[in-house]
Amino acid sequence: MKNRGSITVTGLEDINQQPTVSVKIENGNVWMTKHELARLFGVLVQTIDANMRSIFKSGILHDSDVTITEKQEKDGKVRYVTFYNLEAIIYLSFRINGYCSKLFREWVLNSLCEYKRLKDKQPEVLVVFNSSDNQTFISYN
């Protein structure tokens, strides 16, 4: 899948540096695999699976609305990879209790709401929230 966007948390390695959450939204969305989400939130893949099953079972979100499954062939092997969109990632972050999920929730509350309020949305945008000074930076590419 091309142009999936991305979510990264930087500044965790240095205790003197404040963590920064960067979200690159492409074509109005971000798509991530469960392995990428596990790395982002610092949890096991099984934790992502269990929480996504619970979200879908509860009816809060419907699997078909927030996922895309893509067939990938590598070294003669075929596998199917499921990608979760930004809406699913946001719901997931509120179910996982950890430092990186907390940082992402702060980004959601401080940054994504601002982006949604914009009248002229660009096809690609980078939204960065710096927790040390509570500032949001929005860049259009």
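Trainee: Where do Phe104 and Trp107 lie, and how many residues apart are they?

Mentor: Both are in helix 5, three residues apart, which is about one turn of the helix. Helices here are DSSP runs of H or I with at least four residues, strands are E runs of at least two, and both are numbered from the N terminus. Before we go on, this is a predicted model, where local features need pLDDT of at least 70, side-chain atom pairs count only at pLDDT 80 or more, and totals for chains, interfaces and linings use all residues. Residues are numbered from 1 along each chain as its sequence is written, and side-chain values use heavy atoms, with hydrogens and water left out.

Trainee: Thanks! How many aromatic pairs does the structure hold?

Mentor: It holds two. Rings of Phe, Tyr and Trp (its six-membered ring) pair if their centres lie within 6.5 Å; planes under 30 degrees apart are stacked, over 60 edge-to-face, and the rest tilted.

Trainee: What makes the pair of Phe41 and Phe104 edge-to-face?

Mentor: Their ring centres are 6.0 Å apart and their planes stand at 65 degrees, so the pair is edge-to-face. Phe41 belongs to helix 1 (residues 34-41) and Phe104 to helix 5 (residues 99-117), so this pair ties together parts that are 63 residues apart in sequence.

Trainee: And what is the pair of Phe104 and Trp107 called?

Mentor: That one is stacked, at 5.6 Å centre to centre with 20 degrees between the planes.

Trainee: How do you know whether Phe104 is buried or exposed?

Mentor: Buried means under 20% relative accessible area, exposed over 50%, and partly exposed in between (1.4 Å probe, protein chains only). Phe104 has 1% relative accessibility, so it counts as buried. Trp107 has 0%, so it is buried too.

Trainee: What lies over the face of Phe94?

Mentor: Arg105 does, at 5.9 Å from the ring centre. For a charge to sit over a ring, NZ of Lys or CZ of Arg must be within 6 Å of the ring centre and within 35 degrees of the ring normal.

Trainee: What makes Asp75 count as exposed?

Mentor: Asp75 has 72% relative accessibility, so it counts as exposed. You will find Asp75 in the loop between strand 4 (67-74) and strand 5 (77-85). Its phi is near 55 degrees, a positive value in a residue other than glycine.
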